[in-house]
Structure formats: structure tokens, C-alpha cells
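Student: Could we go through this model together, strand by strand? I'd like to check my reading against yours.

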Amino acid sequence: MAKKKQVGRRVEGWKAKSWFKVHTPDNLGKAYIGDTIANDADSVVGRIMHATLGEITNDYAKQYMKMSFKINTVTGDSAYTEFVGHEVTRDYLRSLVKRRSSRIDTIVPITTKDGKKVRLTVCTYTFARANLSQEHSIRGEIMKGIAAQPGAWDLSALLNGLVSSESSRAPIKAFKTNYAARR
């Protein structure tokens with residue numbers, strides 16, 4: 001029997017595709033975070049890449065923070081990203097909770113100076129167990145402390161504050177007189 005002829009266009013394999021090197025934004029030093037493969041440069045734009053902060057800054061003490069970046073421009077074989085979000089790993093958050101202490105989560109939606117909408121989740125850990133009224137008081141103080149800040153922050157300043165843990169110091173000072181926080 002004769003072989004059937006292939007009908008339609010033949011899909012090119014791996015040899016037709018090219019690799020693109022993905023880099024972080026300028027404020028993180030345009031660090032190399034990985035490669036992605038695609039047929040053409042237009043199909044790379046919009047992809048989400050993940051990397052830990054430890055890999056980006058070569059500070060492996062910050063390996064617990066996962067950063068997300070979206071590719072927005074491609075030049076040659078290099079793809080450049082913008083910051084989309086970050087997340088602290090669950091095992092790290094669980095290691096911070098100790099016996100006879102409280103974890104108080106506060107979700108604060110803010111709009112930065114450059115018009116970006118950001119949802120911050122602030123986790124507060126106390127030395128001793130806090131009762132409900134103390135938790136409400138701490139949440140209120142954090143909301144007031146953060147609500148005063150976003151007018152001064154643009155997204156890159158907020159990102160730099162998160163990376164250096166600078167932005168977490170101001171809310172703690174606001175309610176430290178009411179209740180002592182461990183972290």
C-alpha cells in the first residue's frame with residue numbers, strides 16, 4: 001500500500017523556534033531569571049515568569065519570597081519584564097507562627113502615585129495571644145499607617161520597600177504603643 005500524502009501545512013518542530021533570555025525590571029538590576037521558547041517575539045509578550053527574590057538578588061536568605069514578572073518588551077533575543085506581584089511561601093509563614101501567639105492578617109487595597117492598584121496583605125505576629133478587640137485595634141492602626149503612605153509611593157518605590165523590608169517598619173511603629181508585635 002502507498003503512504004497517504006500529508007494534507008495541509010506541516011507544523012515546524014523545535015528547530016524553527018528560538019530561545020529568549022528573560023530579565024527583571026530596571027529597579028531590580030535587570031537580573032537574568034530564565035529562558036523561554038517561542039516561534040516569534042510577539043508570542044513571548046504577556047507571559048508570566050516566576051523567580052524567588054533570593055535568585056534575583058543572590059541573597060539566599062530571601063528565598064522565601066516568590067516574585068512574578070510579566071514580559072512586556074522583546075528586543076533581539078532578550079525579553080524585559082514588569083513587576084506583577086509577589087507572594088511569601090506558605091511554609092515560611094507557618095514557621096513564623098508560634099505557640100500562644102497570634103497572627104493578624106490585614107488586607108489593604110491602595111492606589112500608588114502612578115495609578116497602579118495594589119492589594120497589600122500585612123501579616124502581624126504578636127508575642128502573646130491577642131484578644132478580638134486588640135486584633136481590631138492593630139488592624140485599624142495598620143490601615144491608618146498604610147493609608148497615609150501610598151501618596152508618596154510609586155510602584156517601583158513600593159517594590160524596593162518590599163524587597164528591602166523597609167515598608168514593614170512604618171506600620172509596626174504606629175501600633176507598637178497599643179500592643180507589642182514580634183514581626
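Predicted model: local features only at pLDDT ≥ 70, side-chain atom pairs only at ≥ 80, totals over all residues.

Tutor: Residues are numbered from 1 along each chain as its sequence is written, and side-chain values use heavy atoms, with hydrogens and water left out.

Student: In what order do the five strands of the open sheet come?

Tutor: Strands here are DSSP runs of E, at least two residues, and helices are runs of H or I, at least four residues, numbered from the N terminus. Two strands pair if DSSP finds at least two bridges between them. The pairing in this open sheet is mixed, and the order is β2-β1-β5-β4-β3.

Student: Which strands stand at the edges, and why is one side of each left without a neighbour?

Tutor: Look for strands with a single partner strand: that is why one side of each has no neighbour in the sheet. The two that stand at the edges are β2 (32-38) and β3 (48-52).

Student: How many bridges join β4 to β5?

Tutor: Strand β4 covers residues 65-75 and runs antiparallel to β5. The two form a hairpin with two residues between them, and G76 in the turn has a positive phi of about 65°. Within the pair, K66 stands opposite E87 in β5. The number of bridges joining β4 to β5 is 10.

Student: Which residue in β5 is the bridge partner of H23?

Tutor: Strand β1 (residues 18-23) pairs with β5 in the parallel sense over three bridges. β5 itself spans residues 78-88. The bridge partner of H23 there is Y80.

Student: Is Y80 buried, partly exposed or exposed?

Tutor: Buried means under 20% relative accessible area, exposed over 50%, and partly exposed in between (1.4 Å probe, protein chains only). Leaving aside neighbours within four places in sequence, Y80 is in contact (heavy atoms within 4.5 Å) with residues including H23, K30 and K70. Its relative accessible area is 25%, so Y80 is partly exposed.

Student: Which residue in β4 is the bridge partner of M49?

Tutor: β3 and β4 pair in the antiparallel sense, over five bridges. In β4, the partner of M49 is F69.

Student: And what is the relative accessible area of E135?

Tutor: E135 lies in helix α3 (residues 132-147). Not counting residues up to four places away in sequence, E135 touches S102, I104 and A130. E135 is buried, with a relative accessible area of 18%.
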